[in-house]
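Hi,

Here is the structure I promised to pass on.

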Amino acid sequence: MSEDKPLTDAQKARIERNRAKALCLKQAKLVSHPYALAKKDTNAGEGTTSIIKVQGTKYIDSGGGFLIEQPVQASQNSQNGEIPGVGGVAKVVNDAIAIPVQYEECLECADAFVDSFLFDSFNLAVCDKCRDPDGEHSLITRTEAKAEYLLKDCDFDKRDPPLRYISRKNPHNIRWGEMKLYLHFQVQKRAMEVWGSEEELMRQHENRVEKREVGKIRKYNKEMKQLRMEVRSSLYTKKTKATHAHEYGEDTYNEEDDTYTHSCKTCAFTETYEKM
């Protein structure tokens, strides 16, 4: 057998380079997650096990291409209410604040509830299951409420308590101002406070209808008279006498009819009117 030839300097240098390359490759394989460095779990008892922490959760590198979530082991300190910390032992302090929940009683079914649409929007203690959106709990615009119940702006905003409302986009034109929607039940209640009873409200409606009809008749007669004067001007003579200009005094308010009256200082003419 031939004796082994001694290694040359070039061969020794190549062996050292291959050994260093293999060591670097071995160390690189230990890092199996791109965002975390592997570290040995000294508590698990296996020095070769790689532990990876991702978003606060520890995983065990199985070496087969997937990660296993590390089970939480209760230690003696944790059972006593202590957790290990950096440079010592930290105690767990229960500083949670208990927030009391206030329940409301439904006026319809007497069940307790926390919140509802009517309570949040109109401060009416009625739960969602008892809400009648087509009846007394329906919504009505401010204009419709003023026309139907003969209410004024002060009855909505100035009279205590002011009526609550919700704002919605106008469905007819989005460029117009937002609509104020009131609760029909609360508007009816406010109308009873203003007029006293439904009979009085109906009487006010009838009076306003009569006044409206009388105004239409007067306007019609005036227009017809003007038309006759223009068509048959020969039958009418122009008035040469100077017209009298009324000089009214102070206004007098009539609470029963919600009207105002003032009289002329120089003649006996008296006029009754409404303020809008």
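**What turned up**

E16 and R19 sit three residues apart in helix 1 (residues 9-29), which means that about one helical turn separates them. Keep in mind that this is a predicted model. The side chains of these two, E16 and R19, meet in a salt bridge, at 3.7 Å from N to O. Side chains of opposite charge can pair when their charged atoms come close. The structure holds nine salt bridges.

Next, a helix pair. Helix 4 (residues 142-149) and helix 6 (residues 184-195) have axes that come within 11 Å and cross at roughly 40 degrees. The crossing of helix 4 past helix 6 is right-handed. On the helix 4 side the contact uses A145, E148 and Y149, and these meet H184, V187, Q188, A191 and W195 in helix 6. Sorted by type, the residues of this contact are five nonpolar, two polar and one charged.

On the surface there's a nonpolar patch made by V101, Y103 and V114, with about 300 Å² of accessible area together. V101 belongs to the loop between strand 6 (88-91) and strand 7 (104-105).

Most residues other than glycine have a negative phi, and most peptide bonds are trans. A110 is not a glycine, yet its phi is positive, about 65 degrees; you'll find A110 in the loop between strand 7 and strand 8 (112-113). The peptide bond from D160 to P161 is cis, with omega near -10 degrees, and P161 is in the loop between helix 5 (153-157) and strand 10 (165-168).

Cheers

How values were computed:
Residues numbered from 1 in each chain as written. Predicted model: local features only at pLDDT ≥ 70, side-chain atom pairs only at ≥ 80, totals over all residues. Heavy atoms only, no water. Axes fitted to C-alpha atoms, helices over the stretch in contact; angles between N-to-C directions. Helix = DSSP H or I, 4+ residues; strand = E, 2+ residues; numbered from the N terminus. Left-handed = near helix turned anticlockwise from the far one by under 90°. Contact = heavy atoms within 4.5 Å. Nonpolar A, V, L, I, M, F, W, Y, C, P; charged D, E, K, R; others polar. Patch = residues over 30% accessible without salt bridge, like charges linked within 9 Å, V, L, I, M, F, W, Y side chains within 5 Å. Areas by Shrake-Rupley, 256 points an atom, 1.4 Å probe, with all protein chains shown as cover. Salt bridge = Lys/Arg side-chain N within 4 Å of Asp/Glu carboxyl O.
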